[in-house]
Structure formats: C-alpha cells, structure tokens
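Student: Could you walk me through this structure? I am new to it and would like to start with a single element.
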Amino acid sequence: MANILFICKHNRFRSKYAEAIFKKLNKNKEYIAKSAGIIKGKYPLDKIQLEVGKKLGIRIKGQPQGLSTKLLIWANIIIIVADDVPASIFSNMKKHGKKLIVWKIKDVSNNNEKDIEKIIKKIEVKIKSLIKSLR
C-alpha cells in the first residue's frame, strides 16, 4: 500500500487536478492520493479551470489544503507537480523513507482555456505513466 501526496504552490490547480486524475484512472485500491499546497490557497479554483476540467471529464472536489506534518507523515510518495515549488524543501524526505518525484509543470499564467487544457493533459500523461510504474 502506498499513499501519494501531490504538491503544488497553492493546491488550487495542478496538485488538485493530479489528485483528481489519479483517483479517476487508478484502479488499484492499494494506492491512495491526496493533494496540498506549500501555501494554502485562499480561493477555490477559477470557474474557467473548473469548466475546462469538467469538459475533459474531471471534477474537482474540496477546498485548497495546506501542507502539514500530518500529510508528510502519511505520504510514502511525494510528487511535486509544480515548477515553482523548490524540491530542496523536501530534500530530507529520503532519509524518512519517502520517495520524491518532481514533475515541474508550469502554472496557468492566464485563463486561456487552451492553456488550461494543455496543462491538464500534461498532468494526465504524467499520471498515466505513474500508474504504470506502480504495478
């Protein structure tokens, strides 16, 4: 069994979508996913981001969540989904038996639907690869 924690800056877009896509595609009940931001986002996802996700068959649930010691203890695998979260923050995770993966996905710089869709699809490709590697 493994607990996977997806992390981005505010838990408002990239890590939320990574968690939702993982939960949608993963069929192995041995793997559980959650997400968090290194800084808890004050606002939920933007309406355009939600609509693009809905169009792609992905629904986001819950409010942004901040990173906590409890979540770090819970996680076996920590995946930084963001290019603006320094991996060095988690440099001591290996000595605690945690696996760290860095994807470096850029955030949406505007609310352009094509850009949002491109990022969501990039996350989906990464998730599919992750699921294959977990078998």
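Student: How many residues does helix α4 have, and what distance does it reach from its first C-alpha to its last?
Tutor: This is a predicted model. In it, helix α4 spans residues 113-134, which is 22 residues. From the first C-alpha to the last, α4 reaches 31 Å, close to the 32 Å expected at 1.5 Å a residue.

Student: Which residues in α4 are buried?
Tutor: The buried residues in α4 are I116, E117, I119, I120, I123, I127, L130, I131 and L134. They cover an arc of only 160 degrees around the axis, so they sit on the same side of α4.

Student: Why do residues three or four places apart point the same way?
Tutor: An α-helix has 3.6 residues a turn, so residues at that spacing point the same way.

Student: And what does the face turned away from the buried side carry?
Tutor: That face of α4 carries the exposed residues K114, K118, V125, K132 and S133.

Student: What do the buried residues of α4 pack against?
Tutor: They pack against four strands, β1 (2-8), β2 (31-37), β3 (77-82) and β4 (99-105). They also pack against the helices α1 (14-25) and α2 (47-55).

Student: What caps the N-terminal end of α4?
Tutor: N112 does, with a side-chain oxygen that lies 2.8 Å from the backbone nitrogen of K114.

Student: Let me change topic. How many residues are in the largest nonpolar core, and which have the most contacts inside it?
Tutor: The largest nonpolar core has 30 residues, and I4, F6 and F22 have the most contacts inside it. At least two residues of this core come from each of β1, α1, β2, β3, β4 and α4. The largest share, eight residues, is supplied by α4. In soluble globular proteins, nonpolar side chains tend to be buried together.

Student: What is I4 in contact with, leaving aside its neighbours within four places in sequence?
Tutor: With those neighbours left aside, the contacts of I4 include F22, W74, I77 and I79. Two residues of α4, L130 and L134, are also among them.

Student: Which residues does the second, separate core include?
Tutor: That core has 13 residues, and L5, L71, I78 and A82 are included in it.

Student: You mentioned I79. Where is I79 found, and is it buried or exposed?
Tutor: I79 is found in strand β3. It is buried, with a relative accessible area of 0%. Leaving aside neighbours within four places in sequence, I79 is in contact with I4, L5, F6, I7, I101, W103 and L130. As for L5, it is 74 residues from I79 in sequence, but the two are 6.1 Å apart in space, C-alpha to C-alpha.

Student: What about Q49: buried or exposed?
Tutor: Q49, which lies in helix α2, is buried, with a relative accessible area of 8%. Beyond its neighbours within four places in sequence, Q49 is in contact with R12, F13, Y17, V108, N111 and I116.

Student: Finally, the whole chain. In what order do the elements run from the N terminus on?
Tutor: The order is β-α-β-α-α-β-β-α, with four helices and four strands. Of the 135 residues in the protein chain, 44% are buried.

Student: What radius of gyration does the protein chain have?
Tutor: The protein chain has 14 Å, which agrees with the value near 14 Å for a compact globule of 135 residues. Its C-alpha atoms fill a box of roughly 40 × 30 × 25 Å along the principal axes.

Key. Residues numbered from 1 in each chain as written. Predicted model: local features only at pLDDT ≥ 70, side-chain atom pairs only at ≥ 80, totals over all residues. Heavy atoms only, no water. Expected span 1.5 Å × (residues − 1). Buried < 20%, exposed > 50% of the residue type's maximum accessible area, 1.4 Å probe, protein only. Arc of directions from axis to C-beta. Contact = heavy atoms within 4.5 Å. Polar contact = N/O pair within 3.5 Å; in protein donor to acceptor, adjacent residues only side chain to side chain. Core = buried A, V, L, I, M, F, W, Y, C linked by side-chain atoms within 4.5 Å. Rg over C-alpha atoms; globule rule 2.2 N^0.38 Å.
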